[in-house]
Amino acid sequence: MSNQESHNQRDSLFSAPIANLGDWSFDERVAEVFPDMVKRSIPGYSNIISMIGMLAERFVTPNSQIYDLGCSLGAATLSIRRAISDEKNRTEDKNNPSHTAGCRIIAVDNSPAMIERCRRHIDSFKASIPVDIIEQNILDTDIQNASMVVLNFTLQFLPPDDRQKMLDKIYAGLKPGGVLVLSEKFNFEDNQIGELLFNMHYDFKRANGYSELEISQKRSMLENVMRTDSVETHKSRLKQAGFQHVEVWFQCFNFGSLLAIKGAE
């Protein structure tokens, strides 16, 4: 654990009434408490992060690029780099290269505060896999020669009209057999199920120490910024992009993650 991670501040941003809430922004204040915020707000987040590393072991291929789009503080990037930098994956046999050979991770986020902290986090761990950390809107990111792309709770913040275009671009930039990991907060076409899982998520946040005021104020700020889709909508978009194999691989309440695999050509 890095010094930055071990001194994470507790999220109390919304513990007092805020007169003019405005819209959500991944600013300096959010970046400062982000690790605590996601741990206490997103059920299964740490499991998804660790399992992204496990998926990297299976899907990353030599001389390819791995993209972490909307990387925030770099948790998924670190998980991937740890997994594919493992000593057991290295070999000196040039005829049988490990899947780390020639690989590069490209971590992208449009928040200056997140990118600045991400650089510190990544730099505090020494590993053989190079990481490019780029401050950029992911809609402008060029995806090329990718064996793995991660959108970890990122697509939901893009304008809905841009989401298919983003997935189309990822599919085009993936190598045959490459994988997209798409984690999102879901809504549900079955209203009764949706209300149940919605309420269970709030129970989860209350159990993690958030007050009714904190929950309410954060929800109000996110309303115009984070627009969720159903699992069915995600699957439909991914299929339209061209992915041959699409399925939910993790879900807890109204949060989950899908795998989309590009078929071999």
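Reader: Which residues touch the most other members of the largest nonpolar core?

Author: Happy to start there. In soluble globular proteins, nonpolar side chains tend to be buried together. A nonpolar core here is a set of buried Ala, Val, Leu, Ile, Met, Phe, Trp, Tyr and Cys residues joined through side-chain atoms within 4.5 Å. Buried means under 20% relative accessible area, exposed over 50%, and partly exposed in between, with a 1.4 Å probe and protein chains only. In this predicted model, the largest such core has 44 residues, and Ile-52, Ile-66, Ile-80 and Met-148 touch the most other members. Helix H3 (residues 45-59) gives the largest share, seven residues. A second, separate core of 26 residues includes Tyr-67, Ile-138, Tyr-171 and Phe-186.

Reader: What is Ile-66 in contact with, leaving aside its neighbours within four places in sequence?

Author: Contact means heavy atoms within 4.5 Å. By that rule, and with those neighbours left aside, the partners of Ile-66 include Ile-80, Ile-84, Cys-103 and Met-148.

Reader: How do I read the strands, and which ones pair with E4?

Author: Helices (H or I, at least four residues) and strands (E, at least two) are DSSP runs, numbered from the N terminus. The protein has nine helices and eight strands. Two strands pair if DSSP finds at least two bridges between them. Strand E1 (residues 65-69) runs parallel to E4 and is joined to it by four bridges, with Asp-68 partnered by Val-150 in E4. On to strand E5 (residues 174-187): E4 pairs with E5 in the parallel sense over six bridges, and Val-150 stands opposite Val-181 in E5.

Reader: Is strand E4 (residues 146-152) mostly covered or mostly open?

Author: Mostly covered: seven of its seven residues are buried.

Reader: Why does Ala-107 count as buried?

Author: Ala-107 counts as buried because its relative accessibility is 0%. Ala-107 lies in strand E2 (residues 104-109). Between Ala-107 and Tyr-67 there are 40 residues in sequence, yet their C-alpha atoms are 5.9 Å apart in space.

Conventions:
Residues numbered from 1 in each chain as written. Predicted model: local features only at pLDDT ≥ 70, side-chain atom pairs only at ≥ 80, totals over all residues. Heavy atoms only, no water.
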